[in-house]
Amino acid sequence: MFEDVFDEDSIEVTSELSAKDVDGWDSLTHIRLILTVEKAFKIKFSTSEIGKLQNVGDLVALIKARAE
Amino acid sequence: MNSIYSELQWLPRAPREFSERLKALEGAAGPVGGELRALALHALDLNQLTKLAKAIGCVSSKAKSNGNSLDPLVPFRLAVLSNSTVDLIVPALVATGVRHGIALEVIQPSYDQVAQEAMTPDSKVNSSKPDAVLLALDYRGLPLKLSLGDSEASSATVRGVIGYLEALRDGIKANSNAVCIFQTFAPPPETLFGSLDRALPGTLRNLIDAINRELAEYVLGSGEVLLDVAGLAETVGLADWHNTQLWNMAKFSFSDEFIPLYADHVARTVAAIRGKSAKVLILDLDNTVWGGVIGDDGLEGIKLAQGDAQGEAHLAVQRLALDLRQRGIILAVSSKNTDEVAREPFVKHPEMLLKLDHIAVFQANWNDKATNIQAIAEELSLGLDAMVFLDDNPVERGLVRNLLPQVAVPELPEDPAYYARTLEAAGYFEAVSFAAEDLKRAGFYQDNAKRASLQKQVGGVDAYLASLEMTITFQPFDATGRARIVQLINKSNQYNLTTRRYTDPEVTQAENDPEVFTLQVRLADIFGDNGMISVVVCRHGEGGVWEIDTWLMSCRVLGRKVEHMVLREILDHARAAGVSKLRGTYRPTDRNELVIDHYAKLGFMKVDEEDSGLTRWELLVEGADPQSAPMKVVSRGFVGAVEKSHA
């Protein structure tokens, strides 16, 4: 999904990875990432959940919580 | 079934190697316009469109620096003025433009600078000298003050908005002379009162309705271009169109789900401005124009009847083709068939809407379809990029896409019920204006005149019936009608006097038995052909009596006095056969109470009544003169009878 959204296959995705680490991860690309994740997992996040996300680890935790 | 629209289902899915092919492009040395277009001609999602746009940006700057062109793509500069966030839309526009043969350069000023950009001579938009300016405005940026129940205040609000839009246009015209593409406004799904919002002046829905209507009229009169976003939003559903979360977070005026669809509508509009819309619809025949295979199933076996679900699906394709023809689209046929076999339904099948003289070029042979389509293009002296090819067979579609990539070939779903909708959704024939010269047929004027006279109609039922210009056609049973006759006999429950069911062989027997009088009845009117709507079987009884064994009618023509006309026809034949009396029976079932008084209303005398509710009726042929109804009568195919046709 990161490859799809950022059109870049060299990004090493870790829990600590966040917007400041990736070129082009601005607020609009962030929204595109969230929309892509929502679509892929067929889930919807609330506005406040999206607002609290700090890094990839937070996103993974949120997906896991939804999948349970 | 929104997925037809939101997933662009008329386009093939993106190939697995989409990303690899994009990467290969960035390193390519030769011309790349064709490969870009080939990639864009898939149903791409937002991420894929964004990737493609990036690749386009990369190759076009390279092409500029080394003097290569992006042929066959045509350049177009489009400025986007918006009061919402369009940053994710712009790349989608660039990528989708390529799908429509346009190399789009998008000029995007800062967020929410609509009026400044339009009215300042040296603004970013005006100084870039765009070919067109897209006014992608959202209702939330308009001065819409609710004025509930106050029609004066609400008209003032509407006038204010239209005045603002006109001022934007005047600014753009004065400063850059670009074409303005105005969008209608998609209203929100929420109402204040409920249904009353539509009617009550000054509600949001009422205001937006009025603005859209006035804007559309203004655009039509001004020579600018309209993009009906309100219509698009209604098509996919307002509740799905408006995503409140995305509006709150990032001021997206509609859901990300529809960005590819919206971009396609913008791009097809731009292509239409550049005169790149398709002009010819090439139709396959078997399983596209009718159900089944004419060569195998024959005239009696193909599915093409009103009342048959599959037949109606194919009739809808024919109707769309005819409507397109009416607005100036040329129709052609490409079919793998023997020529005379392929032509037979056009000539002989009573329910075919398409006739041979609607078809400009008829190619039925055993050549491959790419060869045929090329022949059609040559015969019409039109380019292949003006052609749309409709075929149910994925193999033929693949072949044509492969050999003639310029031809538009829509994917079709499994179910023919969605063929017509899919073809329409693809928007190949998008037009930005409509001139009298587009009209190829005087028939159009006649139809309009008919509609106008219908609207004026205020008289009684008879006058209304007369305005329908009905034609009723009587024939004895025959092989062509047999499938529908059997179907009606076995399906009709309500308008059915005896509910006797007969098999195909039994119907064939009645067809051939000189002692049995049969009728199949068709009805057409100004709205179209209703197909076969009534069936009658009379058997010779003793003493010059006809026993009405079966009399049934489709409920969709109730109230048209069809039964009176059928009786008149039966009487004509009875007189000619020397029959003195008709005898009818009403056999009650739990479904046919509708016709309990059928014979009484037609002037028959009741002669018998059983405990079961079964009644028997008689009518003397001599002197019987049932009511007539205003319709043209055609009677044909009866042995020994003179063909007649009278109003």
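A:Lys42 counts as exposed, because 7 C-beta neighbours lie inside 10 Å of it. The cut-offs are these: a residue is buried if 20 or more other C-beta atoms, placed from the backbone, lie within 10 Å of its own, exposed if 12 or fewer, and partly exposed in between. Before going on, some conventions. This is a predicted model, in which local features need pLDDT of at least 70 and side-chain atom pairs count only at pLDDT 80 or more, while totals for chains, interfaces and linings use all residues. Residues are numbered from 1 along each chain as its sequence is written, and chains are lettered from A and ligands numbered from 1 in the order in which they are written.

Back to A:Lys42. Its place is in the loop between helix 2 and helix 3 (47-52) of chain A. Helices here are DSSP runs of H or I with at least four residues, strands are runs of E with at least two, and both are numbered from the N terminus. A:Lys42 is not a glycine, yet its phi is positive, near 50°. Most residues other than glycine have a negative phi.

A:Asp7 is another such case: not a glycine, with a positive phi of about 50°. A:Asp7 sits in the loop between helix 1 and helix 2 of chain A. A:Asp7 counts as partly exposed, because it has 19 C-beta neighbours inside 10 Å.

What span should helix 2 of chain A have, at 1.5 Å a residue? The expected span is 1.5 Å times one less than the number of residues. For the 15 residues of helix 2 (residues 27-41) of chain A that gives 21 Å, and the end C-alpha atoms are 21 Å apart, which agrees.

Now confidence. The predictor's confidence in each residue is its pLDDT, from 0 to 100. Chain A averages a pLDDT of 89, and 100% of its residues score at least 70.

On to chain B. Chain B holds 26 helices and 18 strands. The C-alpha trace of chain B spans about 100 × 65 × 40 Å along its principal axes. Of the 647 residues in chain B, 40% are buried. Two residues are in contact if their C-beta atoms, placed from the backbone, lie within 7 Å. Among contacts in chain B between residues at least 6 apart in sequence, 72% join residues at least 24 apart.

Where do the domains of chain B run? The assignment gives domain 1 (3-273), domain 2 (280-438) and domain 3 (462-646); such bounds come from an automatic or database domain assignment. The C-alpha centres of domain 2 and domain 3 of chain B lie 36 Å apart. Their contact takes 11 residues from domain 2 of chain B and 12 residues from domain 3 of chain B. The domain 2 side of that contact has 4 nonpolar, 3 polar and 4 charged residues. For these classes, Ala, Val, Leu, Ile, Met, Phe, Trp, Tyr, Cys and Pro count as nonpolar, Asp, Glu, Lys and Arg as charged, and the others, Gly among them, as polar.

Next, the two chains together. In this interface, 11 residues of chain B are in contact with 10 residues of chain A. Helix 4 (46-65) and helix 13 (244-250) of chain B each supply at least two residues of the chain B side. That side divides into 4 nonpolar, 3 polar and 4 charged residues.

Then the interior. A nonpolar core is a set of buried Ala, Val, Leu, Ile, Met, Phe, Trp, Tyr and Cys residues joined through C-beta atoms within 7 Å. The largest has 168 residues, and B:Val133 and B:Ile282 have the most contacts inside it. Helix 14 (residues 259-273) of chain B gives the largest share of this core, 9 residues. Not counting residues up to four places away in sequence, B:Ile282 touches several residues, including B:Ala332, B:Ile373 and B:Phe389.

Last, a charged residue inside. Is B:Arg484 buried or exposed? B:Arg484 is buried, because 25 other C-beta atoms lie within 10 Å. B:Arg484 lies in helix 23 (residues 479-491) of chain B. Leaving out residues up to four places away in sequence, B:Arg484 touches B:Ala305, B:Gly307 and B:Met532. B:Arg484 and B:Val535 are 51 residues apart in sequence and 9.8 Å apart in space, C-alpha to C-alpha.
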